[in-house]
Amino acid sequence: MTFTGSLIAAAKLQELLPGRPITYRGQNLLSVATLGVVAAIAVFLVATQTASPLFYLMVGLSFVFGLMLVVPIGAADMPTVIALLNSYGGLADASMGFVLTNKIQIITGSLDGTSGFLLALLMCRAMNRSAVNVLFGAFGQVASEEQAALAAAQKGTVRSITAEEVSVLFETAGSVIIVPGYGMAVAQAQHAVAEMADTLRERGVDVKYAIHPVAGRMPGHMNVLLAEANVPYDQLHEMEEINPSFSEADIVLVVGANDVTNPAAKNNKSSPLYGMPILEVDRAKSIIVLKRSMRPGFAGVDNDLYYNEKCMMLFGDAKASLTRLIGEMKSLL
């Protein structure tokens, strides 16, 4: 189950499969029935303790159940799914420890399984959702292009900005908060982000990083990338700590973060994101978003932030945009 589930998760993250949930009629019922058959065969084999072809049926159904478990989960929930799959792997390891009478394997597998499960629960809490909703809620249905275009037209217009104009805005900024997201990871722009932050600090600008607990596609994704770019850990601030500071920030620079900055999570009760704690970037004086296009994030929900009158979009690859921005900033020194 862990093996085949991990293959599906990897395929969704690499966009070999659609990131949206893949659902069909009676899906949850079929999944539960498959798991029930696997459990029944396992109990039978333990009770009879005889060699049986049912063992191979149990293994085959376990492979299939791993596929069925992850296919209906949207890529927006992959951080939680990865933690759960890690937990499943730890439990399998602990079970093998009992078979081999290996105490070390039992202990390490139990620790791995427990930590993965607790991490998954903490991430569900960070999204204000239950584990059952993550596994069986088919969260992240993407609207059709016509529906998305109609909804966008009703929300207003989007303002774009150039790297040259952003560099001018930074000239008058006293405090900047950087919000990294999956777009930064895709563009491998963490080093450019760190260089830009260093350039701002040379001007005396106060720079902070705002980290959402489920930003990216795996637990701690943003922390790892920024550490790779040698960003000091004390510059990274968790959501609860940084949210009160957004109202005091002159500029918030959002680098490829989508769902974790969507004000609909606070204001729109009909939104699938409603209730999820977010980084409150809409409270800043000015907002600049680096994004390739207006395509929704992996949750499949259009971001209301982009229609805010304080928000400006710098379209393009994050790394290329930041490189141009750094060049413009240095030319003004």
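This is a predicted model: local features need pLDDT of at least 70, side-chain atom pairs count only at pLDDT 80 or more; totals for chains, interfaces and linings use all residues.
Counted secondary structure to begin with: the protein chain has 14 helices and 6 strands.

Overall dimensions next. Along the principal axes, the C-alpha atoms fill a box of roughly 80 × 45 × 30 Å. I looked up burial too, and 48% of the 333 residues are buried. For contacts with a separation of 6 or more, 76% are between residues 24 or more positions apart.

Surface and charge. The chain exposes about 16,200 Å², with carbon and sulfur atoms supplying 61% of that. I then checked the 23 positive and 28 negative charges, and their mean positions lie 6 Å apart.

Then I went to helix 8, residues 163-171. Which of its residues are buried? I found Ala163, Val166, Ser167 and Phe170. Looking down the axis, I see these buried residues fall within an arc of 100°, so they line one face of helix 8. Their cover includes strand 1 (175-180), strand 4 (251-255), strand 5 (286-291) and strand 6 (311-315), along with helix 10 (190-202) and helix 14 (318-331).

Last stop, histidine 212. I located it in the loop between strand 2 (206-211) and helix 11 (221-228). Buried or exposed? Histidine 212 has 2% relative accessibility, and the cut-off for buried is under 20%, so it counts as buried. Leaving out residues up to four places away in sequence, I listed what histidine 212 touches: Met239, Val260, Pro277, Ile278 and Leu279.

Methods
Residues are numbered from 1 along each chain as its sequence is written. Side-chain values use heavy atoms; hydrogens and water are left out. Helices (H or I, at least four residues) and strands (E, at least two) are DSSP runs, numbered from the N terminus. Buried means under 20% relative accessible area, exposed over 50%, partly exposed in between (1.4 Å probe, protein chains only). Contact means heavy atoms within 4.5 Å. Accessible areas come from the Shrake-Rupley method with a 1.4 Å probe; for residues, only the protein chains shown count as cover. Lys and Arg count as positive and Asp and Glu as negative; His and the chain ends are not counted. The place of a charge is taken as NZ of Lys, CZ of Arg, CG of Asp or CD of Glu. The arc is that of the directions from the helix axis to the C-beta atoms.
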